[in-house]
Amino acid sequence: MSENKIPYKIYLSEDEMPMAWYNLRADMQNKPAPLLNPGTGQPMTAQELEGVFCTELVRQELDNDTAYFQIPAEIRDFYKMYRPSPLVRAYCLEQKLGTPAKIYYKFEGNNTSGSHKLNSAIAQAYYAKLQGLQGVTTETGAGQWGTALSMACGYLGLDCRVFMVKCSYEQKPFRREVMRVYGSSVTPSPSESTQVGRKILSQFPGTTGSLGCAISEAVETAVANPGYRYVLGSVLNQVLLHQSIIGLEAKTALDKYGVKPDIIIGCAGGGSNLGGLIAPFMGQKLRGEADYRIIAVEPESCPSFTRGKYAYDFCDTGMVCPLAKMYTLGSSFMPAADHAGGLRFHGMSSVLSQLYADGYMEARAVKQTDVFEAAEEFARVEGILPAPESSHAIRAAIDEAVKCREAGEAKTILFGLTGTGYFDLVAYERFHNGEMKNFSPSDEDIAKSLAQLPAVPNALA
């Protein structure tokens with residue numbers, strides 16, 4: 001089909017929405033390393049994990065071989081409220097940049113949570129409800145995941161207790177209130193309400209928190225309350241599985257018009273958006289069916305891919321969770337209080353870490369002010385105010401499009417627009433007022449945190 005026939009927005013019908021999630025691990029020759037019990041140093045069993053997570057989610061977490069998991073009808077019916085989401089050709093951005101590149105973005109912000117997080121939130125809440133649980137606990141950084149889980153729990157009648165990273169709790173009061181609209185309790189983390197929260201506050205007085213802190217508090221709360229389980233919005237295998245619907249829809253939409261991307265870009269904090277977007281494309285790459293250049297974009301203030309170490313580490317600051325092998329800055333690393341709260345995690349998905357270690361993708365870290373410059377350039381021509389997290393991908397997409405202009409290359413670029421930035425206006429205000437600073441951890445700070453990595457058996461390290 002000729003280029004001028006491709007619409008600004010490519011919509012799929014409900015019947016074209018995926019019937020199953022795709023498990024990228026099934027096509028990985030080198031599987032992600034197993035979660036380890038921090039006490040024994042041995043791989044976690046399903047029985048051990050079921051004390052923290054829902055039974056069906058544990059099954060999905062540990063299954064490295066099943067390629068497709070059917071999406072239950074109840075979840076698909078919920079998805080139909082906001083899915084399939086549009087794939088947009090960024091004609092206006094292309095024109096503004098004067099680039100021969102063709103730019104597409106998958107827009108995941110067309111729901112009240114304002115992000116892609118609802119794709120996994122409804123799945124995890126559904127399995128908790130199916131198990132007969134009373135409620136769930138979780139953490140949230142910028143608030144998108146907490147909002148999404150609050151929506152899902154409100155819909156299904158589950159109690160939801162959210163620990164929100166303190167700096168985001170203070171920067172984004174309106175997102176906090178949306179969670180409360182849906183019936184959730186929201187606690188700034190670290191807090192005095194848990195044993196691990198009090199310990200962290202004593203070790204780091206005045207800290208603005210981190211996702212690692214909030215995870216510790218949420219896990220402790222789940223374990224201490226019968227009828228509750230902990231759910232996580234990123235990092236875990238099960239989350240990337242649910243988020244594969246993003247990439248599956250994007251690929252179906254592109255295939256309808258005979259379009260193959262050369263470059264695929266996603267922001268990277270824990271890995272949910274990036275892993276979901278690239279899933280079917282990476283599957284093709286692993287099977288030798290097609291090749292793509294895949295770029296993970298992370299904040300310079302929390303550069304786990306670009307400056308971290310590939311090693312086993314705790315997923316939480318309180319060191320109560322299993323050990324995961326990932327690119328990490330160390331679980332004690334305290335990221336600066338920048339405005340991409342959803343990317344302020346010290347580690348990265350084990351699936352993405354393995355793929356990065358094997359050379360299937362690349363990564364770059366970008367400055368906060370450069371991210372907001374790209375966000376504003378995008379908003380002015382494409383009409384969507386992007387979230388700070390998404391804007392990391394926008395920064396890289398613009399940079400790649402400019403390279404295409406300079407080289408005279410008409411490459412096709414696909415990036416993930418994970419959500420909207422209407423609850424992030426404090427950040428935009430500080431950018432406009434010239435108050436926004438760039439943060440880059442020193443080599444000494446990272447080395448100090450990495451020096452505290454846990455010891456694991458040599459056979460597994």
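Trainee: In which loop is P84 found?

Mentor: P84 is found in the loop between α3 and β4 (87-89). Both names come from DSSP, where helices are runs of H or I with at least four residues and strands are runs of E with at least two, numbered from the N terminus. The model is predicted, so local features need pLDDT of at least 70 and side-chain atom pairs count only at pLDDT 80 or more, while totals for chains, interfaces and linings use all residues. Residues are numbered from 1 along each chain as its sequence is written, and side-chain values use heavy atoms, with hydrogens and water left out.

Trainee: What kind of peptide bond joins R83 and P84?

Mentor: A cis bond, with omega about -5°. S189 and P190 are also joined by a cis peptide bond, with omega about 5°. P190 is found in the loop between β8 (185-189) and α9.

Trainee: Why is V235 called buried?

Mentor: V235 has a relative accessible area of 9%. Buried means under 20%, exposed over 50% and partly exposed in between, with a 1.4 Å probe and protein chains only. The value of 9% therefore makes V235 buried. M319, at 37%, counts as partly exposed.

Trainee: Why does T418 count as buried?

Mentor: Its relative accessibility is 5%, so T418 counts as buried. T418 is found in the loop between β15 (412-417) and α17 (425-432).

Trainee: What makes the pair T418 and S390 a polar contact?

Mentor: The distance between their side chains in this contact is 2.3 Å. A polar contact is a pair of N or O atoms within 3.5 Å; within protein, one must be able to donate a hydrogen and the other to accept it, and residues adjacent in sequence count only if both atoms are side-chain atoms. The pair T418 and S390 is a polar contact at 2.3 Å. Leaving aside neighbours within four places in sequence, T418 is in contact (heavy atoms within 4.5 Å) with residues including E108, H116, C267, N273 and S390.

Trainee: What is the distance between the closest N and O atoms of D291 and K285?

Mentor: They are 3.6 Å apart, and the pair forms a salt bridge. D291 counts as exposed because its relative accessibility is 52%, and K285 is buried at 17%.

Trainee: Why are K403 and E400 separated by about one helical turn?

Mentor: They are 3 residues apart in helix α16 (residues 388-407). K403 is partly exposed at 43%, and E400 is buried at 3%. Both belong to a network of salt bridges that links R293, E362, R364, E400 and K403. By this rule the count comes to 25 salt bridges.

Trainee: What is the volume of the largest pocket?

Mentor: About 400 Å³. On a 1 Å grid over the protein atoms alone, a pocket is an open set of points where a 1.4 Å probe fits, with protein on both sides within 12 Å along at least five of seven lines; lining residues have an atom within 4 Å of a point. Points are joined across faces, edges and corners, and the volume is the space filled by probe spheres set on them. The largest pocket is lined by 18 residues, of which F204, S332, F333, M334 and Q452 lie nearest its centre. The largest share of this lining, 4 residues, comes from α9.

Technical notes. Salt bridge = Lys/Arg side-chain N within 4 Å of Asp/Glu carboxyl O.
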